[in-house]
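The sequence and the coordinates are shown first.

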Amino acid sequence: MKILVSPAFWLTTIFLASVYLIFTTYLVNYRLVRETVFGPYPAGYKFNLLLSLVGGLATAIPRLNAVALTVIALLTGANLTLLIKNLLARRRPGVYCVATGSSIFSSLAGICSACSLPLLTILGLGGSFLWLPLGGTALSFLVIILLAVSLYFSLQPVMLDVGGEVRLNEK
Amino acid sequence: MLLGARMGSSYPQRNRPVEPVVTGAASQDNKAAASTPQKKPQVSPANGDKSTDIMGKTEDAVLGRAEARVTITEFGDFQCPFCGRFFREVEPGLRKDYIETGKAKFVFKHLAFLGQESIDAANASLCAKEQGKFWEYHDKLYQNQMGENQGAFAQPVLRRFASELGLTSSQFNNCLDSQKYAAQVQADTTEIESQGYYSTPTTFVNGTVIVGAQPYATFKTVIDEKLASLP
């Protein structure tokens, strides 16, 4: 738990959370972003457009969803930070499976919720969210719970492969 | 979105002063211009409410010069709070910087998916268009948003709006009661959904799609690029 007061932990978490937020923002207009990034446009245009789209976080998302998205981004950043830390510190094949699986799940859960609407649309279920509680916002709250649980377990001592047997690391 | 952009939260309604409307409508608008201060319409004689743009059809509502080479097409729902935000925060800039200067024209099409009042409001707007008052009615609807299917766009309210704008009541009421433009509203909705977009506002700028109530800077960047790339 000492890691929670580590500046490196928070810097990494905030960086990853920012990347997550920007990615989610761009996902709403992924066709525009793709066309812009890979299109024959001046660099200035590309930069200005991508920068302006970030402002959509404030204008194109309801406040409640924006707050939930920010919390999800921070929890995802924290989960990924701990994943990276654990993978670097415990170079055991068995550990990779345990740590990676839970973190990928939680990250995907976060992505799936935050951008659930585009994903639902791609799956042809674009209208389905209308019948979800709070119009789909409940998905965000569910993901926050999942990520918080994942974070709790990520903060616990990881398993170690000791002499071919996976044990809890008591250190 | 999408259906996202639908987000059901309510937002503080900021009263936007009714700005002079530059309209491509026909002569009926000139009667209204006599009673309310308006900018002189900048239209070509053949414009009216017609569009020959690739994104528009002759029955679409068009604001600005028909010959403008950049077309901004918004698919919106009159009950959608984000369309309301687009109306309050983006449209004024678009009108001032591009439409009134003749650089672009603005087309409004319907993606009425938030319930019966959305469909009724869309129908009503086209009934107003019959009498050359589409944009006034469009502005009136967005200025009076109040939740979804809570009565803000109930039929009596829609009739009252028409009366306040000086529309011929009998013609408007007949149009509304007969759901005269239901097919056109549905056609607009089908058109946008067939392209894989299900949210409002979705805006096309000469084929480039911007989803959601993005900041004005996003629209400005795209429009300026389109203008710069024109031969």
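Cys80(B) is buried, with a relative accessible area of 0%. The model is a predicted one. Cys83(B) likewise has 0% relative accessibility and counts as buried. The sulfur of Cys83(B) is 3.4 Å from the closest cysteine sulfur, that of Cys80(B), which is too far for a bond. The cut-off for a disulfide is a pair of cysteine sulfur atoms within 2.5 Å.

By that rule, the count over all chains is 1 disulfide. The bond joins Cys127(B) to Cys175(B), with an S to S distance of 2.0 Å. The torsion about the S-S bond of Cys127(B) and Cys175(B) is about -80°, so the disulfide is left-handed. Cys127(B) belongs to helix α4 (residues 116–130) of chain B and Cys175(B) to helix α7 (residues 169–177) of chain B, so the pair ties together parts that are 48 residues apart in sequence. Cys127(B) and Cys175(B) are both buried. By contrast, Cys80(B) is in no disulfide.

**Aromatic rings**

Phe9(A), at 3% relative accessibility, counts as buried, whereas Trp10(A) is partly exposed with a relative accessible area of 40%.

In chain B, the rings of Phe86(B) and Phe106(B) have their centres 6.4 Å apart and their planes at 20°, so the pair is stacked. Phe86(B) lies in helix α3 (residues 81–99) of chain B and Phe106(B) in strand β3 (residues 104–110) of chain B, so this pair ties together parts that are 20 residues apart in sequence. Both Phe86(B) and Phe106(B) are buried. The two residues also belong to one aromatic cluster, whose other members are Phe78(B), Phe87(B), Phe108(B), Phe134(B), Trp135(B), Tyr142(B) and Phe219(B).

**Backbone geometry in chain B**

Most residues other than glycine have a negative phi, and most peptide bonds are trans. Asn149(B) is not a glycine, yet its phi is positive, at about 55°. The residue sits in the loop between α5 (134–143) and α6 (155–164) of chain B. With 35% relative accessibility, Asn149(B) counts as partly exposed.

Gln179(B), also not a glycine, has a positive phi of about 50°. Its place is the loop between α7 and α8 of chain B. Gln179(B) is partly exposed, at a relative accessible area of 25%.

Which two residues are joined by a cis peptide bond? They are Thr200(B) and Pro201(B), and omega is about -5°. Pro201(B) lies in the loop between α8 (182–194) and β4 (202–205) of chain B.

| Residue | Phi | Relative accessible area |
|---|---|---|
| Asn149(B) | about 55° | 35% |
| Gln179(B) | about 50° | 25% |

**Chain A: fold and surface**

Chain A has 8 helices and 2 strands. From the N terminus on, its elements run α-α-α-α-α-α-α-α-β-β. Of the 171 residues in chain A, 42% are buried. Among contacts in chain A between residues at least 6 apart in sequence, 68% join residues at least 24 apart.

Leu4(A), Val5(A), Trp10(A), Ile14(A) and Leu74(A) make a nonpolar surface patch of about 460 Å². At 46% relative accessibility, Ile14(A) counts as partly exposed.

Notes: Residues are numbered from 1 along each chain as its sequence is written. Chains are lettered from A and ligands numbered from 1 in the order in which they are written. This is a predicted model: local features need pLDDT of at least 70, side-chain atom pairs count only at pLDDT 80 or more; totals for chains, interfaces and linings use all residues. Side-chain values use heavy atoms; hydrogens and water are left out. Helices (H or I, at least four residues) and strands (E, at least two) are DSSP runs, numbered from the N terminus. Buried means under 20% relative accessible area, exposed over 50%, partly exposed in between (1.4 Å probe, protein chains only). Contact means heavy atoms within 4.5 Å. Patches are made of residues with over 30% relative accessible area and no salt bridge: like charges are joined within 9 Å, nonpolar side chains (Val, Leu, Ile, Met, Phe, Trp, Tyr) within 5 Å. Accessible areas come from the Shrake-Rupley method with a 1.4 Å probe; for residues, only the protein chains shown count as cover. A salt bridge is a side-chain nitrogen of Lys or Arg within 4 Å of a carboxyl oxygen of Asp or Glu. Rings of Phe, Tyr and Trp (its six-membered ring) pair if their centres lie within 6.5 Å; planes under 30 degrees apart count as stacked, over 60 as edge-to-face and the rest as tilted.
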